[in-house]
Each structure stands twice: as C-alpha cells, then as structure tokens.
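Biologist: Before we discuss this model, I would like each label tied to the value and the cut-off behind it. Could you show me the sequence and the structure?

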Amino acid sequence: MGGNEPPRLEGYTQGDEETTPEVFEVSGSVKWFDPSKGYGFIVPDEDLPDVLLHVTCLRHGGFQTASEGTRVVCEVVKSSRGLQAVRICSMDNSTAILPSELP
C-alpha cells in the first residue's frame, strides 16, 4: 500500500457505497488470530464491537501474525458486515500470550 493510496477494505468494491468509508483509529487487544484461517479479531478499548483483523492488513504493516493479548492501534472502517482493520499503526507484543504459553 503506497502512502497516497486509501486503505482498502477486503471485499469492498467501488459500487458498495456512494462515498469513501470513514477511517478512524482504534486501540485494543487481539482476542484471537488464526493464521491458517487468515483472520482474527481485536477487542477495542472503547465501547465498540470487535474489529476484524485480516492477514492482508497485517502483511501490509509488515507483520505475519498477531498473538492473543497483543496490544494494537489500527485504522478501522465500518462496512455493512461490521468493523474491519485496514492499517496497523502499532503492535506491542509485551502483553501477548504466545502459543507455547497457551493451555
């Protein structure tokens, strides 16, 4: 994703909405992420529904996966299917639960 390109929503096509979706920043923790499925969810700190985190969003940010408990700041759009992360601003793994630590 180049610096001048708007964030892209997975499955979003130009005809889906009359205008460009509003992008806003959300902070939260990774609820779960399944690399084999290619997606997971973020629980926002604010009183918002869970945010879909797709592997393509992670890869655009230079990340391969996200562990449970990882703190994330991301840009989000609202679609007819809910909230979806479109850009990772930062990830802090200091609170992550690594796969080797899971029961």
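Biologist: Where is the place of Thr-65?

Modeller: In this predicted model, Thr-65 sits in the loop between helix H1 (55-60) and strand E4 (71-79).

Biologist: Why is Thr-65 called partly exposed?

Modeller: Its relative accessible area is 39%, and because buried means under 20% and exposed over 50%, with partly exposed in between, Thr-65 is partly exposed. Thr-65 also touches Phe-33, Pro-35, Leu-58 and Met-91, leaving aside residues up to four places away in sequence.

Biologist: What makes the pair of Tyr-39 and Phe-41 edge-to-face?

Modeller: There are three aromatic pairs by the rule for ring centres. For Tyr-39 and Phe-41 the ring centres are 6.1 Å apart, and pairing requires centres within 6.5 Å; their planes stand at 90 degrees, and over 60 counts as edge-to-face, so the pair is edge-to-face. Ring pairs also link Trp-32 with Tyr-39 and Phe-41 into a cluster.

Biologist: How do you know that E4 is largely enclosed by the rest of the structure?

Modeller: Buried means under 20% relative accessible area, and seven of the nine residues of E4 are buried, so E4 is largely enclosed.

Biologist: What makes E1 and E5 partners of E4?

Modeller: Two strands pair if there are at least two bridges between them. Strand E1 (residues 23-34) is joined to E4 by seven bridges, running antiparallel, with Gly-28 and Val-72 among the bridge partners. Strand E5 (residues 82-92) pairs with E4 over nine bridges, again in the antiparallel sense, and so both meet the criterion. A hairpin through two residues joins E4 to E5.

Notes: Residues are numbered from 1 along each chain as its sequence is written. This is a predicted model: local features need pLDDT of at least 70, side-chain atom pairs count only at pLDDT 80 or more; totals for chains, interfaces and linings use all residues. Side-chain values use heavy atoms; hydrogens and water are left out. Helices (H or I, at least four residues) and strands (E, at least two) are DSSP runs, numbered from the N terminus. Buried means under 20% relative accessible area, exposed over 50%, partly exposed in between (1.4 Å probe, protein chains only). Contact means heavy atoms within 4.5 Å. Rings of Phe, Tyr and Trp (its six-membered ring) pair if their centres lie within 6.5 Å; planes under 30 degrees apart count as stacked, over 60 as edge-to-face and the rest as tilted.
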